[in-house]
Amino acid sequence: MSAPPAAVSLAGVGKTFGKGAVRALEDIDLAIAPGEFVSLIGPSGCGKSTLLRIVGDLIQPSVGDVIVNGKPAHRARLDHDYGIVFQSAVLYDWRTVTKNISLPLELLGWSRGRRNERVREMVELVELSGFESHHPWQLSGGMQQRVSIARALSFDPALLLMDEPFGALDEMTRERLNMELLRIWERSGSTIVFVTHSIPEAVFLSTRVVVMSPRPGRIAGIVEVDLPQPRGAETREQPRFFELVTEVRERLAGSGAATAPTEPALVTEERV
Amino acid sequence: MSTVVQPVPRSFGRTIGRRFRDWLPALVVFVLVLVAWQGLVEVFNIRQFLLPKPTAILGALRDNRSDLWSAGIVTFKEALGGFAMGSTAAILVALVLARWRRVGGAIMPYAIAANAVPIIAFAPITNNWFGLLNPMSKMVIAAVLCFFPVFVNTLRGLTSVEPASIELMRSYAAGEIETFRRVRIPNALPFIFTGLKVASVLAMIGAVVGEYFGGPLDALGVVIQNNVALFDFPLAWAGIIVASAFGIAFYAAVAVAEHFLTGWQPAADSRSD
C-alpha cells in the first residue's frame, strides 16, 4: 500500500487494566488512510471496543502512540474530529429527533439558522423526513440508530467511530442500514472505523477488515476487501464475497488458539 | 415505517375526559364512605368529640369559611416558604455531590442519619430560635422535612445516566458544565419532580405541626388546636379538611408543573400517581 497521510496511526499501542492484571491490548500497530472503511472484528473480549475508545481518546492507552489526522488523539477530540455511534443509540428522550441531531452543533456554537439547515440535510440523508419532531421512544430501533448516525455526521467529523452500531438490530434492518451506511460513506467521504461481531457485515462494508485475537487483544491479520465499489445487494451474492468471508473466518479461527499472532509481518507492513 | 409508535395525543379536553373516567370509581367510594360515616354516627349515636357527623363538619366549614380560608393561606405561605428553601437547598447540594463524588462519600452517611431524626421534635426549638409568631420558625421545619426526599431523588437522577451518554459528551469535548446542563439535569428532572411531590405534602404537614407548638392565632394549626380545646370538634375537623385541601392542591400544582416540564416522557400522562 502507498503511504498517504494517515487518518489514524497506532504505534505500539497496549492497554492493561487493574495494574497490569488484565492485558486487554498488546502491540497494536495500524494505519488507516483517509476515506478508508476499516472494520475491527474479533471474539468478545479481544479488546476491539477498547481499541476504538483509545482511538477516540475516551480511554488512555497504557503504552504507545495514537495519532489522528497528524495530531495526538486528545487534541483531535478537542478539535471535534470524532463522530461516535454506539451499540445503543444513546439519544436523549427529552429531545426530538431534530434536537438530538443538532446537539453537537449546539455545543460547537453554530447559529440557529445554520443548525436548522444542517439538520434538514441530515434528516434527508438518513431518510427520516416526517419524523423530525418525534421523540426517540416513538421510533423503532433502526430509526433510532439512524438518528444516532445523523448526529455523528452532522458536524462533518473527519473520523466516524462505530461500536457495533447495528448489533442490537434484526438481520433485515441490519442489512438495510448496512446499505445506507455505505451510501452515506460514499457521499460524505469520511473515514470510518467500525467494530462488529458479524463477518458478512465486516466484509460487505469495509475496504479492510482487521481481525483481532483475544487475551491479550492483538491484530491477528488484515484482510483487504477488493470487492468493487459501489456495493449493493448483489455484492453479497458474488463468489468473491464468499471467499473473503471464508478468509476472515479462517483468520478468526486461527487466532482463537492461544498461540502467537499468525502473521505479525503483515501487520508491520501496514505501518506508515 | 409501520413500526413507529404514534405519539400520545395531548389534547387537553380528552385528557380531562379520560381523567374523569379514571377517577369515577374513587369518587363513588368517597361518597359511599361519607354516607356510611353519617349513618354510623347517627345509628350508634357516637359522641361528637369522638367523631362528628360529616354534615356537622360541612356546616362548620360553611359557617367559618372565610376565617378558615385565611388561616389556610397563612399556613400555606409557611409551607410554601419552607418548600422553596428546602427544595432549593436539596437540589444545590445534590448538584455539588453529583459533581464531586468524593465529597458525596464524606457527606452521605450524615445525610442519611439526619433523615432518621424526628424533625418534628425540633418544632419547639425552632419556635425558640425565631419566635412563635415569626413564620420562619415554621418554614424551617417544613424546609428540613422537604430536604431529604428532594435531595435523594435529585442525586439519583443526576447520577443515573448511561455511561455512553457521558462518553458521547466527552467525544464532543464538552465540559462538566455542558454535560450537566444538557445531560445530567434533564435526565434528573423526572426524579426531581418525584421528590418535589413528596415534599409538597410534607411541607404542609411541617407547617401545621409547627403551629401546634404555638404560632399566630390566625394560623391553621393554632385554629385546629384551639377548637379542640374549646370542644368545637366540627370546626377542628373543618380545619383539618382545609389543611388537607391545601396539601392536595399543592401536590396537584407540582404535578401540573411536572406535566408541562417533563411532557417529553414516554406516556407521561398514563402513569397513575
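Predicted model: local features only at pLDDT ≥ 70, side-chain atom pairs only at ≥ 80, totals over all residues.
1. Strand β9(A), residues 208–213, is joined to β10(A) by six bridges, and the two strands run antiparallel. If you want one pair to find on screen, take S213(A), whose bridge partner in β10(A) is R218(A).

2. How much of β10(A) is buried? Five of the seven residues in this strand, which spans residues 218–224 of chain A, are buried, so β10(A) is largely enclosed by the rest of the structure.

3. Now to where the chains meet. On the chain A side 22 residues are in contact, and on the chain B side 20. Three elements of chain A give two or more residues each to its side: α2 (73–78), β6 (82–85) and α3 (97–107). Of these, α3(A) gives the most, with three residues. By class, the chain A side divides into 13 nonpolar, seven polar and two charged residues.

4. Reading along the sequence gives the pattern α-α-α-α-α-α-α-α-α-α. For a sense of scale, the C-alpha atoms of chain B fill a box of roughly 75 × 55 × 30 Å along the principal axes.

5. Two overall numbers for chain B may be handy for your own comparisons. Of its 273 residues, 35% are buried. Among contacts in chain B with a separation of 6 or more, 76% are between residues 24 or more positions apart.

6. Helix α3(B), residues 65–99, packs with helix α9(B), residues 220–229, at an angle of about 130°, and their axes are 7 Å apart. Are the two helices parallel, perpendicular or oblique to each other? With angles over 145 degrees counting as roughly antiparallel and 65 to 115 as roughly perpendicular, α3(B) and α9(B) are therefore oblique.

7. Finally, the residues behind that packing. From α3(B) come A71(B), G72(B), V74(B) and T75(B), and they meet L220(B), G221(B) and V223(B) of α9(B). The contact of α3(B) with α9(B) has four nonpolar and three polar residues, with no charged ones.

How values were computed:
Residues numbered from 1 in each chain as written. Chains lettered and ligands numbered in written order. Contact = placed C-beta atoms within 7 Å. Helix = DSSP H or I, 4+ residues; strand = E, 2+ residues; numbered from the N terminus. Nonpolar A, V, L, I, M, F, W, Y, C, P; charged D, E, K, R; others polar. Axes fitted to C-alpha atoms, helices over the stretch in contact; angles between N-to-C directions. Parallel < 35°, antiparallel > 145°, perpendicular 65-115°, else oblique. Buried ≥ 20, exposed ≤ 12 C-beta atoms within 10 Å, placed from the backbone. Pairing = 2+ DSSP bridges.
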